[in-house]
Every structure is written in structure tokens, then in C-alpha cells.
Amino acid sequence: MGNALNHYLKPDVFPGPDVVPTFDPLLGFEGRKERVMIATQEEMESAKLPLDARDYCAHLAIKYQACRTDTFPFVYKCAHEKHEYLTCEYEDYVLRMKEFERERRLLERQKRLNKAA
């Protein structure tokens with residue numbers, strides 16, 4: 001609820017959910033690794049991975065799905081793969097929230113500097 005309210009009250013400093021970052025990704029960093037997809041599009045299609053699972057953790061989702069099909073009635077044996085996949089999903093979520101917050105703060109900073117100038 002807070003996101004919708006802030007987006008309504010401060011549309012100029014609150015980025016939308018589908019906004020591409022407008023600032024340099026290295027602004028404020030000495031060095032930063034670029035995120036890359038490990039699983040290719042062909043691998044995801046051949047594994048019949050759902051569209052909502054085709055993110056930076058897709059390689060782990062494919063491994064977890066393969067483990068489940070290999071050990072079907074005993075899917076509890078895939079607990080390690082499931083844990084790896086869910087941990088990756090959580091870390092991806094946290095990273096996206098940090099990027100969103102960084103964009104919001106940089107927009108507020110830019111607005112404050114433009115107002116002072």
C-alpha cells in the first residue's frame with residue numbers, strides 16, 4: 001500500500017515498477033559486477049520453465065525441476081536443490097529492492113540539487 005501511495009504523492013521521485021534505471025550503475029561504486037544469465041533461452045525452453053521463473057535463478061530452477069523428475073515419488077531428496085533455488089530467489093528479491101531504493105534516493109537527490117541551483 002505504501003508504494004502506491006508514495007507513487008501517487010511523489011511521482012517525480014518515486015520510480016514505477018517497470019522503470020529502467022536512469023542513473024549510471026557505477027555511480028558511487030569503485031567496481032561492480034554486471035549480472036549475467038547463466039541459463040540460456042534454449043535451455044529454459046527445453047526444460048519448459050514457466051515464464052515467471054525465467055530470471056537470474058533459472059539455472060537453479062532447471063536443476064531443481066530435473067531433480068524432482070528424476071526422483072519423483074521421493075522428492076524430499078531434492079531439498080538441497082530447492083534450498084539453493086529459494087535462497088537465490090530471495091537474494092534476487094533483496095537486490096532488486098536495493099536497486100529500487102537506490103534509484104529513488106538518487107531521484108530525490110537530483111531533485112534537491114536542481115531545487116538548490
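Modeller: Cys 67 and Cys 78 form a disulfide, with their sulfur atoms 2.1 Å apart; a disulfide here is a pair of cysteine sulfur atoms within 2.5 Å. The model is predicted: local features need pLDDT of at least 70, side-chain atom pairs count only at pLDDT 80 or more, and totals for chains, interfaces and linings use all residues. Residues are numbered from 1 along each chain as its sequence is written, and side-chain values use heavy atoms, with hydrogens and water left out.

Biologist: What is the handedness of the link of Cys 67 and Cys 78?

Modeller: Look at the torsion about the S-S bond. For Cys 67 and Cys 78 it is -95 degrees. That makes the link left-handed.

Biologist: Is Cys 78 buried or exposed?

Modeller: Buried means under 20% relative accessible area, exposed over 50%, and partly exposed in between (1.4 Å probe, protein chains only). The relative accessible area of Cys 78 is 1%, so Cys 78 is buried.

Biologist: How many residues apart in sequence are the parts that Cys 57 and Cys 88 tie together?

Modeller: A disulfide joins Cys 57 to Cys 88, S to S 2.1 Å. Cys 57 lies in the loop between H2 and helix H3 (58-70), and Cys 88 in helix H4 (residues 79-116). Helices are DSSP runs (H or I, at least four residues), numbered from the N terminus. The parts tied together are therefore apart in sequence by 31 residues.

Biologist: Which pattern do the disulfides of the protein chain follow?

Modeller: A search of the whole structure finds two disulfides. Count the bonded cysteines along the chain, and the pattern is 1-4, 2-3.

Biologist: Which geometry does the pair of Phe 74 and Tyr 76 have?

Modeller: Rings of Phe, Tyr and Trp (its six-membered ring) pair if their centres lie within 6.5 Å; planes under 30 degrees apart count as stacked, over 60 as edge-to-face and the rest as tilted. The count comes to one aromatic pair. The ring centres of Phe 74 and Tyr 76 are 6.2 Å apart and their planes are at 85 degrees, so the pair is edge-to-face.

Biologist: Which residues is Ala 39 in contact with, leaving aside its neighbours within four places in sequence?

Modeller: Ala 39 is in the loop between helix H1 (2-9) and helix H2 (41-46). At 6% relative accessibility, Ala 39 counts as buried. Contact means heavy atoms within 4.5 Å. Leaving aside those neighbours, Ala 39 is in contact with Met 44, Ala 58, His 59 and Ile 62.

Notes
Helix = DSSP H or I, 4+ residues; strand = E, 2+ residues; numbered from the N terminus.
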